[in-house]
Amino acid sequence: MQILKQLFNFYLNSSVHVALAVYALSWITLQTFNINYDENVLYFNFYATITGYNFVKYFGVAKFHHRSLARRLRVIQIFSLLCFIMLCYYALQLETRILMYIGVFAVITFLYAIPFLPKHLYMDNQQNLRSISGLKVYIIALVWAGVTVLLPLVNNNVLLSADVWILLLQQFIFVIVLMLPFEIRDLRYDSLKLSTIPQRIGVKSTKIIGLFLLVLFFLLEFFKDELFSQLLWIRLSITIITGLFLIFANEKRSKYYSSFWVESIPLFWLLIFIVS
């Protein structure tokens, strides 16, 4: 039983679960536009997510303690290196022009973790984009929306029509709401300088705004040129599921509530898509 728990914790701590969520949202984008399974872009997004998230999470630790890393962290580093190699392999299989988009998101991820800001801009001693007051959730939502909507479509030569930009906005909103249970969970531990949404307006108001955003997320579907009843019902189902997870989120929830169950919502979404 202990071994299973360790494997499960490794699955979460090594960012495999969040990578599956990005993979699922990317595949949903392809299905929404009736595009066949694109192994190259889906696997690139999967391995890039593991590499990027682990870089952001463990960069500081590895930088200052590289000679005395805990065994668990060393395993994650080796695993991340293997994923980086796979990332490079699948990047070479993508359309050349997509590398420009990848470069933009790679730079944002890099600046999110690396200290570079002048002292008058940052809010704590990290000196990176992550440390700017209130910016964290929007950076994550922007990167997620970009890699799960733009990359799959650009790689398949889809015209960036109004429907694409609406989907991009929907994905941006969806990821922001998906982040709110994490911010509520971390309310007791986050530095006040981060100025997260729950810190600024409180948990109750955060949930109200999150529910409002979910309504907007759903209603934007009606502004698309092509509206399909099946996709509408699927999006309504995900709106309700996400809303319930947000409503029941609180500071005392187990770490698995957000790290596993909330991040499983894109997987539920994909499953509903496949079944329907």
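Me: Salt bridges first. How many are there by the rule?
Reply: The count comes to 3 salt bridges. The rule asks for a side-chain nitrogen of Lys or Arg within 4 Å of a carboxyl oxygen of Asp or Glu. Bear in mind that this is a predicted model: local features need pLDDT of at least 70, side-chain atom pairs count only at pLDDT 80 or more, and totals for chains, interfaces and linings use all residues. Residues are numbered from 1 along each chain as its sequence is written, and side-chain values use heavy atoms, with hydrogens and water left out.

Me: Which residues form a network of salt bridges?
Reply: Glu-221, Lys-224 and Arg-235 are linked in one. Glu-221 pairs with Lys-224 at 3.1 Å, N to O. Arg-235 also bridges to Glu-221, at 2.7 Å, N to O. That pair links distant parts of the chain: Arg-235 sits in helix H10 (residues 229-247), and Glu-221 in the loop between helix H9 (203-219) and H10, 14 residues apart. Helices here are DSSP runs of H or I with at least four residues, strands are E runs of at least two, and both are numbered from the N terminus.

Me: Is Glu-221 buried or exposed?
Reply: Glu-221 counts as buried because its relative accessibility is 3%. The cut-offs are under 20% relative accessible area for buried, over 50% for exposed, and partly exposed in between, with a 1.4 Å probe and protein chains only. Lys-224 is buried too, at 10%. Arg-235 is buried with a relative accessible area of 5%.

Me: And what does Asp-186 pair with?
Reply: Asp-186 meets Arg-185 in a salt bridge of 2.9 Å, N to O. Asp-186 and Arg-185 are both buried.

Me: Back to H10. What does its buried side pack against?
Reply: The buried residues of H10 pack against H2, helix H7 (162-185), H9, H11 and H12. Among those buried residues are Leu-231, Ile-238, Gly-243 and Phe-245.

Me: What span should H10 have?
Reply: Its 19 residues should span 27 Å at 1.5 Å a residue, and the end C-alpha atoms are 27 Å apart, so the two agree. The expected span is 1.5 Å times one less than the number of residues.

Me: Zoom out. How many helices and strands?
Reply: The protein chain has 12 helices and 0 strands. Of its 276 residues, 49% count as buried. Residues 24 or more positions apart account for 72% of the contacts with a separation of 6 or more. Contact means heavy atoms within 4.5 Å.

Me: Which residues touch the most other members of the largest nonpolar core?
Reply: Phe-44, Trp-144, Leu-151, Phe-174 and Trp-269, out of 71 residues in that core. The largest share, 14 residues, comes from H7. A nonpolar core is a set of buried Ala, Val, Leu, Ile, Met, Phe, Trp, Tyr and Cys residues joined through side-chain atoms within 4.5 Å.

Me: What is Phe-44 in contact with?
Reply: Leaving aside neighbours within four places in sequence, Phe-44 contacts Glu-39, Leu-87, Tyr-90, Ala-91, Leu-94, Ile-102 and Leu-151.

Me: Where is Ser-264?
Reply: In the loop between helix H11 (255-261) and helix H12 (265-275). Ser-264 is buried, at 4% relative accessibility. Ser-264 and Val-18 are 246 residues apart in sequence and 8.2 Å apart in space, C-alpha to C-alpha.

Me: Last one. Where is confidence lowest and highest?
Reply: Helix H5 (residues 98-113) is lowest, at a mean of 78, and helix H2 (residues 16-32) is highest, at 97. Over residues 120-124 the pLDDT is below 50, and beyond near neighbours in sequence this stretch has 11 contacts in the model. Where pLDDT is low, the predicted coordinates should not be read in detail. The mean for the protein chain is 86, and 86% of its residues reach 70 or more. pLDDT is the predictor's confidence in each residue, from 0 to 100.
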